Amino acid sequence: MRSVKAVTASPTTLAPVPTAPGGLPLIGHAHHLIRTPLPFITSLRDHGSVVRIRLGPTPAYVVTDPVLTRTVLVTEAAHFAKGGKIFDVLRGVFGDGLATVSDGDTHLRNRRLMQPMFNKAHIATRRTAMIDQARSMVGAWEEDQPLDVFSNMNDVTLAAFLVALFGTDFPANLQGEFTTLMPPLMKEAIRQAVLPSWVTRLPLPANRAHNRRIARLRAVIDQAIDHRSSRSASAPPANVHHPAEAAGCPHQAAAEHEQAGLFETLMAAEDQFTRQQLQDEAITLMNAAIETTATALAWTLYELTRHPDIEQRLRAELAAVCDGRPLCQEDLDQFPYARQVLQEAVRKYGPAWMVTRKTTRDIDLGGHRIPRGADIVWSPYLHQNDPAHFPEPATFDPDRWASGRAPSTRDSFFAFGDGRRKCIGENFAWVEMHIILATLLEAWPRLRLVSRPPRAETAITVKPDKLAIAFGTS
Ligand code: HEM
């Protein structure tokens, strides 16, 4: 196993940071990052534990050793602030939402205010609504017709997320607009992140379209917040009869029937958040929550079509728990194998592949001196596909996560980040992914891949370029 002996070193032992081959004048390594991002970023392991690349004229230091990534995110986090080119571009979309706001008091305060939205007990109050939403959507798919899985997973994760966040009566037109706006917005954001910034300031059609989309997204989010405010005043009684009770799920808590969503927590803190901040947080959450979970689910389904044995084990687990009745929220804590399968998809496909920080002072990392103000890149995808930590990383093996085998691998699993900027939505993500996977298996006894095997494509996440699956009942 490769290891880095020292996180910091005395000035006498510091070595120059190796530079990745293949950089070009003006654009640096941008062509590699645009054309072959995943082979390029994983190839950097061969050049050292910290490797210098250039994003346009700007140098960036890619950390290829998970021990050093933990240093950046946790032990020396004070010297590696949230920032860097990707965040500068994303801030243009999200404003100062939790994911892009600089480190410091505002981040700490907002994180503290938002944390209750995402604790397990609070999320549990939304599980039934999410099951209903997911079930109605996957159940409406046409039998044996090729389905664009990534796009549909985006629709289902978005709908489930909206139901959790904003309640059960979210207007369909707003949902539709959001679905249309987001893919080109994110694609352009990542393109802007790897190009020199002067290119992104030119009055090119692509740049103008990007700005128009951002303005429209803000207007849509504003309408969503208005909608929620107007509905909160007229919420229905909490103990409405629910079909899952009749189906045999005995302990439905009254709170689960409420229409209100998790976002009410923030709206209730009216004096704490301005309208602009509420907008920023809503946009941030929707962006952080949708493509990440949709990608992981799409890859999970693809892997199931390749591994009937894994699919069978999943179905057996589901059948044993539900015992012939429809899935209900209480079942969700009893699917350990589903968790292993989902975690393996998240491991193998990232889903994030490039995240950045900025050094706040000259600092020694892995025996190299990194200057103040430098961009640091870390990559869950890179670490989670490192054969030194995950033997045969291309193999989809959910049993890596079986209890007893998992501890050594957990240290190199960075899919949700770590430290003070760790994903606030991790609990939510697992619940949502379990719900969608389980409702889908419940509705469709057969999955068949009807496209060629997908190639991994990068935007903010690593997603399948083309993935069609037909769902059948026999
Ligand atoms: C499979 C699903 C997900 C993955 C892999 C994922 C991954 C990540 C990662 C790697 C970070 C840290 C970025 C950094 O260190 O700079 C992060 C932060 C964040 N995530 Fe997630 N995420 C997922 C789902 C979600 C969901 C469902 C939500 C919301 C409900 C969410 C909300 C956020 C927010 C707000 C942050 C910023 C936290 C902060 O800076 O304090 N994520 N996520």
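These are my notebook entries on a predicted model.

**Ground rules.** I number residues from 1 along each chain as its sequence is written. In this predicted model, local features need pLDDT of at least 70 and side-chain atom pairs count only at pLDDT 80 or more, while totals for chains, interfaces and linings use all residues.

I started with the record. UniProt, in an unreviewed entry, places the feature "binding site" at Cys-423. UniProt positions follow the numbering used here, feature names are shortened, and annotations may be inferred rather than shown by experiment. I found Cys-423 in the loop between α18 (407–410) and α19 (426–443). Helices (H or I, at least four residues) and strands (E, at least two) are DSSP runs, numbered from the N terminus. Cys-423 counts as partly exposed because it has 18 C-beta neighbours inside 10 Å. The cut-offs are 20 or more other C-beta atoms within 10 Å for buried, 12 or fewer for exposed, and partly exposed in between, with C-beta atoms placed from the backbone. Beyond its neighbours within four places in sequence, Cys-423 is in contact with Phe-416 and Gly-417. Contact means C-beta atoms, placed from the backbone, within 7 Å.

**Ligand shell.** I looked up what surrounds the ligand. The shell holds 25 residues, and the closest are Ala-288, Thr-292, Gly-417, Cys-423 and Gly-425. A residue is near a molecule or strand if its C-beta atom, placed from the backbone, lies within 6 Å of it. α14 gives the most, with seven residues. The shell divides into 17 nonpolar, five polar and three charged residues. Ala, Val, Leu, Ile, Met, Phe, Trp, Tyr, Cys and Pro count as nonpolar, Asp, Glu, Lys and Arg as charged, and the others, Gly among them, as polar.

**α14 against α16.** I then followed α14 (residues 275–306) to α16 (residues 336–349); their axes come within 9 Å and cross at roughly 105°. The two helices are therefore roughly perpendicular. Among the contact residues are Trp-299 of α14 and Tyr-349 of α16. The residues of this contact divide into seven nonpolar, two polar and one charged.

Most residues other than glycine have a negative phi, and most peptide bonds are trans. The peptide bond from Gly-350 to Pro-351 is cis, with omega near -20°. Pro-351 lies in the loop between α16 and β5 (355–359). Asp-323 is not a glycine, yet has a positive phi of about 50°. Asp-323 counts as exposed, with 9 C-beta neighbours inside 10 Å.

Terms used: Two residues are in contact if their C-beta atoms, placed from the backbone, lie within 7 Å. Axes are lines fitted to C-alpha atoms, for helices over the stretch in contact, and angles run from 0 to 180 degrees between N-to-C directions. Angles under 35 degrees count as roughly parallel, over 145 as roughly antiparallel, 65 to 115 as roughly perpendicular and the rest as oblique.
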